[in-house]
Amino acid sequence: MKLIDVLVISDKYDFTTDFVCLDLEQRKVNYLRINRDEFHTYKIHIDTNNFDISIMMGKLKYIISNKALKSVYYRAPIFLRETNQVESSVEEQLYNEQWMSFVRNLLIFEDALWVNNPEKTYKAENKIVQLKHAKSIGFNIPYTIVTNGNPDLTNEKYVVKSLDTAFFNINGKEGFVYSNIFQKEKILNANLELAPVTIQEFVYPKIDIRVTVVGDEVFATSITSKGNGVEIDWRIVKDEVDFTAISLPDYIEEKCIRLVKELGLKFGAIDLLKTETNEFVFLEINPTGEWAWLVHTTGQLIPKSIADLLVSKS
């Protein structure tokens, strides 16, 4: 039987989590990683005598207890978002729903430090909520409309994107909706009645900047192509762009840290734009953003920073 200090919740093939776990192992931290896609191989037990959780993995037994648990690294997709299970069997639906509920009930460990707390993440994922908080602390934000009606547009170009991150299952393959640039006339002639869409001021020329905030540490990366900013969503041409570690002005770093804290988070991946006049424009924050590619391309010590945070209560 082994009491756990740090709990990691992820998926078996999440390489981002691997970075953190490797750092925890090198520090000889007493941690346990549980993977959502392997839950069926575990034997769990919770009762109301002390609200501890026991997990059997093969012949090994682990205890997660309020008395011992110091922190939780939550890397799994947000369980509060409903998933389309139309094509799933009853057994698959039961598996997904009940194990999601198990993960939700891990919130009984209220005294642990969560990176990030799923309840806070659920709120922070909402794009208009993000923009409101960013504007309130002094960030420049692009003028943004959310509508399923006939918008009043004055500029010639706009960025159009989904209100929420949009994933689709199309003939067994995963589809993802990127941000797109459209002329005003095309938007005005489109049928938007089915669902609300986000229409945002088009800012260009610009340079995309990814800011990764871990506690009070900030890692900033510029994203360019042959030294220039990318006009379209850079993820569409990600194999053609360069990632460079940069320093931000102190006042921008402070705003990034403050935004993450105001949203109740410990970690946040923030997307900014830097304009020709050296202004910084806030686009969005992802509470569960990927960062492994930054370790590979820039060598930024993000996993060390996360591990530092996870062991900070010890």
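1. V146 lies in strand β9 (a strand is a DSSP run of E, at least two residues, numbered from the N terminus). V146 is partly exposed, with a relative accessible area of 34% (buried means under 20%, exposed over 50%, partly exposed in between, with a 1.4 Å probe and protein chains only).

2. The model is predicted: local features need pLDDT of at least 70 and side-chain atom pairs pLDDT 80 or more, while totals for chains, interfaces and linings use all residues. Residues are numbered from 1 along each chain as its sequence is written, and side-chain values use heavy atoms, without hydrogens and water.

3. I145 is also placed in strand β9. With 14% relative accessibility, I145 counts as buried. Leaving aside neighbours within four places in sequence, I145 is in contact with P151, D152, L153, V197, T198 and I199 (contact means heavy atoms within 4.5 Å). From I145 to P196 the separation is 51 residues in sequence and 9.6 Å in space, C-alpha to C-alpha.

4. An open sheet is formed by four strands in the order β9-β14-β10-β13, with antiparallel pairing (two strands pair if DSSP finds at least two bridges between them). β9 (144–147) and β13 (180–183) are at the edges with a single partner strand each, so one side of each has no neighbour in the sheet.

5. Which residue in β14 is the bridge partner of V160? The partner is I199. Strands β10 (residues 157–161) and β14 (residues 197–201) run antiparallel and are joined by four bridges.
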